[in-house]
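Let's take a friendly walk through this chain, from its overall form down to single residues. Please keep the sequence and the 3D view open as you read.

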Amino acid sequence: GCDNACSSTLENDECGVCGGDGLTCAPPEAFVFNQSTQQAFYFFMTASIGGEGLSGDDWIGSFRNGYCSNPVGTTEEICEILGEEWNPEEICVGTRRWGACNEGSCDVPAMGVDGTDYTVGYMTGGVIPTFKIYDASNDEYLDAIPSEDYPWAPNGMFAVNSLENAIVGCLEMDACNYDENANLEGDCVYPEENYDCEGNCIIGEDCAGECGGSSVVDHCGTC
């Protein structure tokens, strides 16, 4: 086996550990975080990139995007109202490798402030975490959109139906550039009045070829 012992059947796990359980892989650089005594867990039923399920080597990271000098300021707007200072730093507060998850769901931790220097800027009650996916095959970090948003709470356990990589596009079905795959609002393009998206007149043309015009042919046959 991998331990070079006679008759051993031990093998290296996904993390390269002899006889390991696959739970000790080092996270990607941007997903490193500190443990805290204050924790919550977000259970994702499914997670995907471009509609394809994550591979075992992909990771999900939880983040706090900015924090207030006064914990009551859960958002930048509230922090400003309180007259406090907002720190815009994006901080990873938890991560989980998809391959280390149980069948049917993946529990991603989100660590909270516990009073130590190691958890400054971590989650506090009422703050909604954001998520990223690390695509191991492309060595790429992707912003991700959960199907539901749940404010963090100590010892919270939240079930989230799905997590998808963010795809910016037009979400309005009547727009010319509607993107059925998009999950994050982008710019929309609409047709000019009286025209469809292909530039065709939809209300008819008059005898002069003007869309929606009022010119008519007179009794002499002149438009």
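## The chain as a whole

The chain exposes about 13,100 Å², of which carbon and sulfur atoms supply 47%; accessible areas come from the Shrake-Rupley method with a 1.4 Å probe, and for residues only the protein chains shown count as cover. This is a predicted model, in which local features need pLDDT of at least 70 and side-chain atom pairs count only at pLDDT 80 or more, while totals for chains, interfaces and linings use all residues. Residues are numbered from 1 along each chain as its sequence is written, and side-chain values use heavy atoms, with hydrogens and water left out.

There are 1 helix and 10 strands in the chain, taken as DSSP runs numbered from the N terminus (helices are H or I, at least four residues; strands are E, at least two). The radius of gyration is 27 Å, well over the 17 Å that the globule rule gives for 223 residues, so the chain is more spread out than a compact globule. That radius is taken over C-alpha atoms, and the rule is 2.2 Å times the number of residues to the power 0.38. Along the principal axes, the C-alpha atoms fill a box of roughly 105 × 60 × 25 Å. Of the 223 residues, 32% are buried (buried means under 20% relative accessible area, exposed over 50%, partly exposed in between, with a 1.4 Å probe and protein chains only).

## Strands side by side

Two strands pair if DSSP finds at least two bridges between them. Here are two such pairs.

β6 and β7 form a hairpin with 4 residues between them, and Asp-139 in the turn has a positive phi of about 50 degrees.

## Two places to look at

Helix α1 (residues 76-81) holds Ile-78, which counts as partly exposed at 32% relative accessibility.

Now turn to the segment after β10 (184-185), where Asn-194 is placed. Asn-194 is partly exposed, with a relative accessible area of 28%. Which residues does Asn-194 contact, leaving aside neighbours within four places in sequence? They are Asn-200, Cys-201, Ile-202, Ile-203 and Cys-211, where contact means heavy atoms within 4.5 Å. The C-alpha atoms of Asn-194 and Gly-212 are separated by 7.3 Å, with the two residues 18 apart along the chain.
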